[in-house]
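Visitor: I would like to learn how to read the features of a model like this one. Could you take me through it?

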Amino acid sequence: IRVCVRVWHTMITDVIHKLIKQWFLLGIVGVILAARLRPDMGKKGGPLKPEITIKYFAVSLIFFNSGLSLKTEDLKKALLTTRIHAFIQIFTLAFIPSVIFLLVQLLSMSSLNKWLQKGLLVVGCMPPPVSSAVILTKAVGGNEAAAIFNSAFGSFLGIFVTPMLLLLLVGAAGSVPVQAVFTTLFLTVVVPVISGQIIRSFIKEWLDKTDIPFGAIGRFTLLMIIYTTFCDTFASSSVSVESTDMLMIVCIVIVSQLSLLTLAFLLSTRIFTRFRPPDVVAIMFCSTHKSLTLGIPMLKIIYSGYSYLSLISIPLLVYHPTQILLGGLLVPVLRSWMTSTTSRLEGGDNQKSTSSPRSSPVLA
């Protein structure tokens, strides 16, 4: 009996630890359920006043947090390896939006909810995330410096490129002037990021010594944004989505991610063959992952008051946990591939170096 109790205690403890590690994913489900139960709390004009507290303060906090936590001094390590940077940024901010656009053109002939189709375009427009690609690259043993650089650089590019891609591919909300959108973006995105970087330059040593939970602060704020977004949806009886459409989106997201990961791998190993195995790992994660942390706040700004905002956010909310789960499954596979490929390449180099002295007397 004691053995059984110990086994059950160990199993329950492991489950609790795993749930704690995934608190953000559970939080997304929780805030959506909370919005369903009490949409009046977080809807526009409700007690929380999201049109002010979320649109300006919460969004600004997320980007100030990003600017304050971003270690730009680490980027110098990978600054000169321009080929990998160009590959990743072109793939994620040009190639993927183009492919998703063509996919949505095909899906337009299906019965899939048109707002979910626009949501797929939203995913394509997003910049790379700041953390998940770096964490997975490090777990495999890939080029961590390149991953850090491209995640940070892609996030900065996304501040300017993503809004333009969204307006170009998804379109603007009819009631919001484009000039007003970019003014709001500048005040709530660009200014907080730059302010965070300036402040960081003065208190860098203190920040390095102090373990401030920047990630947790950003994710908690993001949960508030997701909550108010879905409150607006559930408060409007005209907005709904079929379960079959949700299932289709999940399947499309999974297949799309697997296809993009495979394509990134093939391009970086078959066509652009100068990339080393650690570079390939960084390329796969950095070029295919999309940022939820930066994406949702931008959507909240550009499509403020848009009745279908939550629907076009759904594919991104599905994409985020999927990229983490798939990435986690790929870690041991890629680690094994990288180790064997590196050993083979090093073996080939050693064989060449040992054979060259033998051949020199013949040539002489």
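Guide: Gladly, and let us begin with the core. Of the 82 residues in the largest nonpolar core, those that touch the most other members are Phe63, Leu120, Leu166, Ile226, Leu292, Ile296 and Tyr303. Helix α14 (residues 309–363) gives this core its largest share, 11 residues. A nonpolar core here is a set of buried Ala, Val, Leu, Ile, Met, Phe, Trp, Tyr and Cys residues joined through side-chain atoms within 4.5 Å; buried means under 20% relative accessible area, exposed over 50%, and partly exposed in between (1.4 Å probe, protein chains only). This is a predicted model, where local features need pLDDT of at least 70 and side-chain atom pairs count only at pLDDT 80 or more, while totals for chains, interfaces and linings use all residues. Residues are numbered from 1 along each chain as its sequence is written, and side-chain values use heavy atoms, with hydrogens and water left out.

Visitor: Leaving aside neighbours within four places in sequence, which residues is Ile226 in contact with?

Guide: Contact means heavy atoms within 4.5 Å. With those neighbours set aside, Ile226 is in contact with Ile28, Val31, Ile32, Ile296 and Leu317.

Visitor: How many helices and strands are there in the protein?

Guide: Helices (H or I, at least four residues) and strands (E, at least two) are DSSP runs, numbered from the N terminus. The protein has 14 helices and 0 strands. Buried residues make up 46% of its 364 residues.

Visitor: Which residues make the nonpolar surface patch of about 710 Å²?

Guide: Patches are built from residues with over 30% relative accessible area and no salt bridge, joining like charges within 9 Å and nonpolar side chains (Val, Leu, Ile, Met, Phe, Trp, Tyr) within 5 Å. Accessible areas come from the Shrake-Rupley method with a 1.4 Å probe, and for residues only the protein chains shown count as cover. This patch is made by Val3, Val7, Trp8, Met11, Ile12, Ile16 and Ile20. Met11 sits in helix α1 (residues 2–21) and is partly exposed, at 44% relative accessibility.

Visitor: How many salt bridges does the structure hold?

Guide: A salt bridge is a side-chain nitrogen of Lys or Arg within 4 Å of a carboxyl oxygen of Asp or Glu. The structure holds 2. One joins the side chains of Asp40 and Arg38 (3.1 Å, N to O); the other joins Asp279 and Arg276 (3.3 Å, N to O). Asp40 is partly exposed at 33%, whereas Asp279 is buried at 9%.
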